[in-house]
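Biologist: I am new to this structure and would be grateful for a guided introduction. May we examine it together?

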Amino acid sequence: MGQSAGAHIAACALLDQAVKESGEKESTSWSVSQIKAYFGLSGGYNLLNLVDHFHNRGLYRSIFLSIMEGEESLRKFSPELVVQDPKFRNAASLLPPIVLFHGTDDYSIPSDASKNFADSLQGAGVKAESILYDGKTHTDLFLQDPLRGGKDEMFEDLVAYIHGDDFAARAAAAPSRRRLVPEFMLKLARSISPF
């Protein structure tokens, strides 16, 4: 699931569903138990912590708060803060394992966002981890690396998580890929990318 803005929105939906199910068993069209694992990619899971970062990157505080309809919305759409609320404790046991992927050179969302969210989830009793990729930017993991060909570290990690100890399935699902774009073009794109 999700990349960046989508990752935190999907996480919010998952947490909200777990809260519903842990309470009065509201009638819903899906259940958290249907999800075997949640994978987040480069997400901003605590928007309150990101206001200054966004401001310094050109998404000015006043504009961001206006888009989000005020600071209270930031709390509502920050899954890290939802997990830290003591009222969430009953819902935590319903969540599937959560794995958060992030590049350490991400300019859009600092990789600490994934690490801190994983720590908060673990503190609430959820099986969670963050996997950080040295030197990767916001787009390397899902754009440049697949275009580069060869072995894709994040994809291999995903496949390993899904297939566990079934090494034959892992090998079949993550074959080496052919290069789609010359390296100089990927380096050029990276040098001008604001992410």
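Biologist: Which residue does the side chain of Glu183 meet in a salt bridge of 2.9 Å, N to O?

Modeller: The model is predicted, so local features need pLDDT of at least 70 and side-chain atom pairs count only at pLDDT 80 or more, while totals for chains, interfaces and linings use all residues. Residues are numbered from 1 along each chain as its sequence is written, and side-chain values use heavy atoms, with hydrogens and water left out. A salt bridge is a side-chain nitrogen of Lys or Arg within 4 Å of a carboxyl oxygen of Asp or Glu. By that criterion, the partner of Glu183 at 2.9 Å is Arg148.

Biologist: How many residues apart in sequence are the parts that this pair ties together?

Modeller: Helices are DSSP runs (H or I, at least four residues), numbered from the N terminus. Glu183 lies in helix H11 (residues 183-192) and Arg148 in helix H8, so the parts tied together are 35 residues apart.

Biologist: Is Asp145 buried or exposed?

Modeller: Asp145 also forms a salt bridge with Arg148, at 2.8 Å, N to O. Buried means under 20% relative accessible area, exposed over 50%, and partly exposed in between (1.4 Å probe, protein chains only). Arg148, at 23%, is partly exposed. Asp145 has 9% relative accessibility, and therefore counts as buried.

Biologist: Which residues are linked with Asp145 and Arg148 in a network of salt bridges?

Modeller: Glu183 also meets Arg179 in a salt bridge of 3.2 Å, N to O. Besides Asp145 and Arg148, the network comprises Lys136, Arg179 and Glu183.

Note on methods: Helices (H or I, at least four residues) and strands (E, at least two) are DSSP runs, numbered from the N terminus.
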